[in-house]
Amino acid sequence: MKKPGRIIRSGPFKGKRIELAPTDQLEMFRSLADEFMESIFCMGPGSYLITDESSLRDFKGVEELELPDIHRRIRDVYGIDVSDIVSGNLVEVFARIHKHTYGQHR
């Protein structure tokens, strides 16, 4: 059963419900996610929020990076090209890094 989201009490979204996307898939890669966010975006644990639906595009502009810059950093740090992951979905990126590093999917 889904937990109900929080209802906004004021402002332009008054009465709307806030609901976070799930993080079930992301949890499989939690330590990799923490390392990745630090290495690529210079963000330590607790300074960002990512979910199963988060994308590289969500972080454009961080450290003044654009998507090609992010792809280049990933190649430099992890030795893989993720530019063909059209969605830029972080779970897909983490799965590819894991496969490259350990030779299998998690």
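A salt bridge is a side-chain nitrogen of Lys or Arg within 4 Å of a carboxyl oxygen of Asp or Glu. I wrote that down before opening the model, which is a predicted one.

**Entry 1: the chain as a whole.** I counted the elements and found four helices and two strands. Read from the N terminus, their order is β-β-α-α-α-α. I looked up the extent of the C-alpha trace, and along its principal axes it spans about 45 × 35 × 25 Å. Of the 106 residues in the chain, 34% are buried. The chain exposes about 7,100 Å², and carbon and sulfur atoms supply 51% of that area.

**Entry 2: contacts and charges.** I took the contacts between residues at least 6 apart in sequence; 50% of these join residues at least 24 apart. I then looked up the charged side chains: 16 are positive and 17 are negative. The centres of the two sets lie 9 Å apart.

**Entry 3: Asp52.** I found Asp52 in the loop between helix H2 (30–41) and helix H3 (67–78). Is Asp52 buried or exposed? Asp52 is buried, yet I found no salt bridge for it. The nearest side chain of opposite charge is that of Arg30, 7.4 Å away, and the cut-off for a salt bridge is 4 Å.

**Entry 4: what surrounds Asp52.** I asked which backbone nitrogen lies 2.8 Å from a polar atom of the Asp52 side chain. That nitrogen belongs to Leu26. Leaving out residues up to four places away in sequence, I listed what Asp52 touches: Pro22, Thr23, Asp24, Gln25, Leu26, Asn89 and Val91.

Definitions and conventions:
Residues are numbered from 1 along each chain as its sequence is written. This is a predicted model: local features need pLDDT of at least 70, side-chain atom pairs count only at pLDDT 80 or more; totals for chains, interfaces and linings use all residues. Side-chain values use heavy atoms; hydrogens and water are left out. Buried means under 20% relative accessible area, exposed over 50%, partly exposed in between (1.4 Å probe, protein chains only). Lys and Arg count as positive and Asp and Glu as negative; His and the chain ends are not counted. A polar contact is a pair of N or O atoms within 3.5 Å; within protein, one must be able to donate a hydrogen and the other to accept it, and residues adjacent in sequence count only if both atoms are side-chain atoms. Contact means heavy atoms within 4.5 Å. Accessible areas come from the Shrake-Rupley method with a 1.4 Å probe; for residues, only the protein chains shown count as cover. The place of a charge is taken as NZ of Lys, CZ of Arg, CG of Asp or CD of Glu.
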